[in-house]
Amino acid sequence: MRNQIRSKTFIVIACVLGAMTASAQDEDEAASVQVGKDGSVKVKSQGNTVETRGGTTRVRGGGGVDVQVDGAVARDDDDEADTSSRRSGSLELVDSDGTVAHDCADGGKVEIVGSDNKVTLTGTCELVEVTGSDNKVTVHTVRRIETTGSGNSVTWKQGPEKGKKPRVSNTGSNNRVTQAR
């Protein structure tokens, strides 16, 4: 009971003070809670992770289960796994060594968290965000590109309006963001 009160107190303090990380360890369980400045929360315990960020909730189980709920994609990695998504709109890819073709339709958002994926995006993407490593992304039309991972390659064909380039934020390391020729 005393540990439950401490954890609830920590969560309240974390929400008031802003970004912080805390860890706790019982006899056979390590757990951590991270609260970001943007209000995101990540809880890890016994190989499982629950994350909330910008209206999206992602649950990762230690047994290979990965489910995300944001109205765009809900996927279990144990399902048939070439992991290609043909849904219109937004996509969050949490995978490694996958090959994905996705249609952003008119304004979908794409987040790639993983490594060594090959991703082809058609339609008009509002945002392509790459936070993994060594991913190869090809996108036809895009308004914004953000890379915070490392060793990623993002190639775009055109910006959202004729003659305009997409806004690019490349704060990762060894990433290449180039226009297709």
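The structure is a predicted model, in which local features need a pLDDT of at least 70 and side-chain atom pairs count only at pLDDT 80 or more, while totals for chains, interfaces and linings use all residues. Residues are numbered from 1 along each chain as its sequence is written, and side-chain values use heavy atoms, with hydrogens and water left out.

The protein chain contains one helix and 13 strands; here helices (H or I, at least four residues) and strands (E, at least two) are DSSP runs, numbered from the N terminus. Read from the N terminus on, the order is α-β-β-β-β-β-β-β-β-β-β-β-β-β. Of the 181 residues in the chain, 32% are buried, where buried means under 20% relative accessible area, exposed over 50%, and partly exposed in between (1.4 Å probe, protein chains only). The chain exposes about 10,900 Å², with carbon and sulfur atoms supplying 48% of that area; accessible areas come from the Shrake-Rupley method with a 1.4 Å probe, and for residues only the protein chains shown count as cover. Among contacts (heavy atoms within 4.5 Å) between residues at least 6 apart in sequence, 10% join residues at least 24 apart.

The average pLDDT of the protein chain is 76, and 62% of the residues score at least 70; pLDDT is the predictor's confidence in each residue, from 0 to 100. The pLDDT is below 50 over residues 7-17, a stretch with seven contacts in the model beyond near neighbours in sequence. Residues 69-87 also have a pLDDT below 50, and this stretch has 42 contacts in the model beyond near neighbours in sequence. Where pLDDT is low, the predicted coordinates should not be read in detail.

The largest nonpolar core has 17 residues. Such a core is a set of buried Ala, Val, Leu, Ile, Met, Phe, Trp, Tyr and Cys residues joined through side-chain atoms within 4.5 Å. The residues with the most contacts inside this core are Val110, Leu121, Cys125, Val128 and Val137. At least two core residues come from each of strands E7 (91-96), E8 (99-115), E9 (118-130), E10 (136-147) and E11 (153-158), and E9 gives the largest share, five residues. Setting aside residues up to four places away in sequence, Val128 touches Val110, Leu121, Val137, Val139, Val142, Arg144, Ile145 and Glu146.

One of these core residues, Cys125, also takes part in a disulfide with Cys104, with the sulfur atoms 2.0 Å apart. The count comes to one disulfide, defined as a pair of cysteine sulfur atoms within 2.5 Å. Cys104 belongs to strand E8 and Cys125 to strand E9, so the bond ties together parts that are 21 residues apart in sequence. The link is right-handed, with 75 degrees about the S-S bond, and both cysteines are buried.

Three salt bridges were counted, each being a side-chain nitrogen of Lys or Arg within 4 Å of a carboxyl oxygen of Asp or Glu. Side chains of opposite charge can pair when their charged atoms come close. Arg143 and Glu126 meet at 3.1 Å, N to O, and this pair links distant parts of the chain, with Arg143 in strand E10 and Glu126 in strand E9, 17 residues apart. Both partners are partly exposed, Arg143 at 33% relative accessible area and Glu126 at 23%. Glu146 and Arg144 form another salt bridge, at 3.2 Å; Glu146 is partly exposed at 25%, as is Arg144 at 22%. In the salt bridge of Glu161 and Lys164 the N to O distance is 3.9 Å, and Glu161 is partly exposed at 43%.

Finally, Lys157 lies in strand E11 and is partly exposed, at 47% relative accessibility. Lys157 touches Val139, His140, Gln179 and Ala180, leaving out residues up to four places away in sequence. Between Lys157 and Val142, 15 residues apart in sequence, the C-alpha to C-alpha distance is 8.2 Å.
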